Amino acid sequence: MPDLMQPIIDLDNLNLVLDNLKLGIIAHTPGRIITVFNKEAERITGYSKKEVIGKDCHIVFESPFCGGKCSFCDGIPDFSSGSKEYPLNIVTKEGSARQLEMTVAGIISHDNIFKGVLASFRDVTETFNLSLKAENISSFAGIIGKDKIMQDIFRQIRDVALYNYPVHVSGDTGTGKERVAYAIHDISAYGNGAFVPVNCGAIPEGIVESELFGHVKGAFSGAIKERKGRFELAHKGTLFLDEVADLPLKTQVKLLRFLQEGSFEKVGGEKKVSVDVRIISAANKNLKEEVTEGRFREDLFYRLNVIPIQLPPLRLRKNDIPLLAAHFLKEAEQESPNSVPQLADDALDIMLDYHWPGNVRELKNAIQFSVVRSRGSRILPSDLPMEIIQDIDLSLRVSDRPRAQQIISPKGKLDIESVKAAIKKTGGNKSKAARVLGVGRATLYRFLAQNEETKNYVDQF
C-alpha cells in the first residue's frame, strides 16, 4: 500500500504534470540557463529537451526566443508589477512561422530572491488561420474590422511581422496607417523597443535632417549641444515615417544611404552611427506618381516599398461601420462618468449611406459629436453632424418609396428568398436592396452577417 501521507508531487511526477499540459513551458535561471522544457514546448518549437536543457536560451535558439520582447536583453528584469503577456511570432527549428500567446513571470523564492523566469505559451496559429478563413475575427492588434478586406490586412500584418523588411502603408487620410504600423511593431521582434512616429510633412524643411538623424554641438547656429535624432531614439524599435512623400530630396538621399548601409552621420558630424531599427513608411499620396513627377527618388521608393500594404477607404468596407460605431461608443463609455446613448437604427442607416471622406477618423469624430449632442438614451439622426445629414439624399430613404416597389416576405420579416430576390434585382447593391426590401441598411447588414447562404450569394455579384 502506498503511504498516503507522502507528498504526491516529486520531481518525476512534476515533470509528468508539465508534460501533460497543453501549454508550452520554459523556465530558466537569472543567467538564462534553461532548466524546464516540456513536451508541448518541444512540439511547438521543434527543439528537443536534450537540445535545450542546461544551455543559454539566447544561444540554443540562435537569438532571444522572445525576440525584441526578451526581458533579459538589458540585464535582469523587474517583475515587481506582475507577469507580462504579449503576442509573439517565432520561427521553429524547421523554419515554419508560428504565432504564440506568451506569458512571462518571475520565479521568486519565499525569501523574496529572484530565481529566474517561467514562460508559458500557447500556439494560436491554426486558430488564427481558421478565424481568418471564416472571417470571424473582428479585431486584431488593436485594429477593428470584420470585412474581408480587413481580414486580408490582418493576415499581411501577421506575416510581415516575422521579418525586418521595410513596409510601406498607403491609404487615404484617416484609414489608420499609423495603427497598422504600430500593430506590425507590437507583434514583431522589435515590439519591446520604442515605436517612434515622425510626421515628415510637419517638420520644417530646414531642420528635418537634424530631427531624423540628430546633430553634433556647433553644427549650426543654435546647436548648443549634441542631440539624438529619431533614428537613434528608435534603436531596437520601429521608426514610422508618416507622409514620407513630403521628405525633401536631400533628406531622401540620406535615408536611402541608411537603408543601404545601416548607418548615418549626424548633421555636422563625421562619425558613423549604427542603429538597429525597423523602418515602416506611409503616405496618402501615390508614391509612384510622386516618382513620375520627380518629387520622390525612384531608388528610395523601391527600398521602402518592399512590402506594400494598401488600406481601403471606409466606403469600401461599410460592413464594418456598425462594428466600428459600437467600438467608439464603448470607448466613450469608458471615458465618461455618465451613461452613453446607443445608436438608433435610423441613425445607423444614415451613417451607412454616407460616403465618409474622412474615413475611420471621421467616423470616430462623428460618434463623439453625437454622444455629446444627444439628450436621450439613443443617438437619433438629428444628433449626427450636419455634414452627414446634409449629404444624404432623403428622397431615397425607405419611408419615401412606394410599398408596391418593395419585395416583402409574407411574414413582413426578412427571409433568405426575399433577400436573394432583392439582391438579384439590384445587381448586388446592398443599399438599393435594403430600400427594395423596405428595411434599413442596418437591418439588412445584420441579416447578411447572420446568414452565410445569403452572404455568399451577395459575394457573387
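Two strands pair if DSSP finds at least two bridges between them. What you are looking at is a predicted model, where local features need pLDDT of at least 70 and side-chain atom pairs count only at pLDDT 80 or more, while totals for chains, interfaces and linings use all residues. Residues are numbered from 1 along each chain as its sequence is written, and side-chain values use heavy atoms, with hydrogens and water left out.

Stay with β10 for a moment. It covers residues 238–242, and five of its five residues are buried; buried means under 20% relative accessible area, exposed means over 50%, and partly exposed is in between (1.4 Å probe, protein chains only). Thr238, Phe240 and Asp242 point one way from the strand, Leu239 and Leu241 point the other way, and all are buried. Thr238 is a handy landmark, with Arg278 as its bridge partner in β13 and Phe195 standing opposite it from another strand. On that side, β9 and β10 pair in the parallel sense over five bridges.

Now zoom out to the whole sheet. Five strands form an open sheet in the order β9-β10-β13-β8-β14, and the pairing is parallel. At the edges sit β9 (195–199) and β14 (307–310), each pairing on one side only. Neighbouring strands here are turned by 20° against each other on average, direction ignored. Angles like this one run from 0 to 180 degrees between N-to-C directions, and the axes are lines fitted to C-alpha atoms, for helices over the stretch in contact. Further along the sheet, β8 (residues 167–170) pairs with β13 (residues 278–283) in the parallel sense over four bridges, and there His168 stands opposite Ser281.

There is another sheet to find. Its five strands come in the order β2-β1-β5-β4-β3, also as an open sheet, but with antiparallel pairing. The edge strands are β2 (34–37) and β3 (84–91), each with pairing on one side only. Its neighbouring strands are turned by 25° against each other on average, direction ignored. Inside this sheet, β4 (residues 97–108) and β5 (residues 114–123) pair in the antiparallel sense over nine bridges, and Glu101 has Arg122 in β5 as its bridge partner. In general, strands of a sheet pair through backbone hydrogen bonds, either parallel or antiparallel.

On to the helices. Helix α13 (residues 321–335) and helix α15 (residues 359–373) pack at an angle of about 50°, with their axes 10 Å apart. That makes α13 oblique to α15, because angles under 35 degrees count as roughly parallel, over 145 as roughly antiparallel, 65 to 115 as roughly perpendicular and the rest as oblique. Residues making the contact (heavy atoms within 4.5 Å) include Leu324, Phe328 and Leu329 of α13 and Leu363, Ile367 and Val371 of α15. By class, the contact of α13 with α15 has ten nonpolar, no polar and two charged residues. For these classes, Ala, Val, Leu, Ile, Met, Phe, Trp, Tyr, Cys and Pro count as nonpolar, Asp, Glu, Lys and Arg as charged, and the others, Gly among them, as polar.

Next, look at α18 (residues 430–437), a mostly covered helix with six of its eight residues buried. The buried ones are Ser431, Ala433, Ala434, Arg435, Val436 and Leu437. Their cover includes α14 (345–353), α17 (416–425) and α19 (441–450). Of these, α17 packs against α18 at an angle of about 125°, with their axes 8 Å apart, and the two helices are therefore oblique to each other. Ser418, Val419, Ala422, Ile423 and Lys425 in α17 meet Lys430, Ala433, Val436 and Leu437 in α18.
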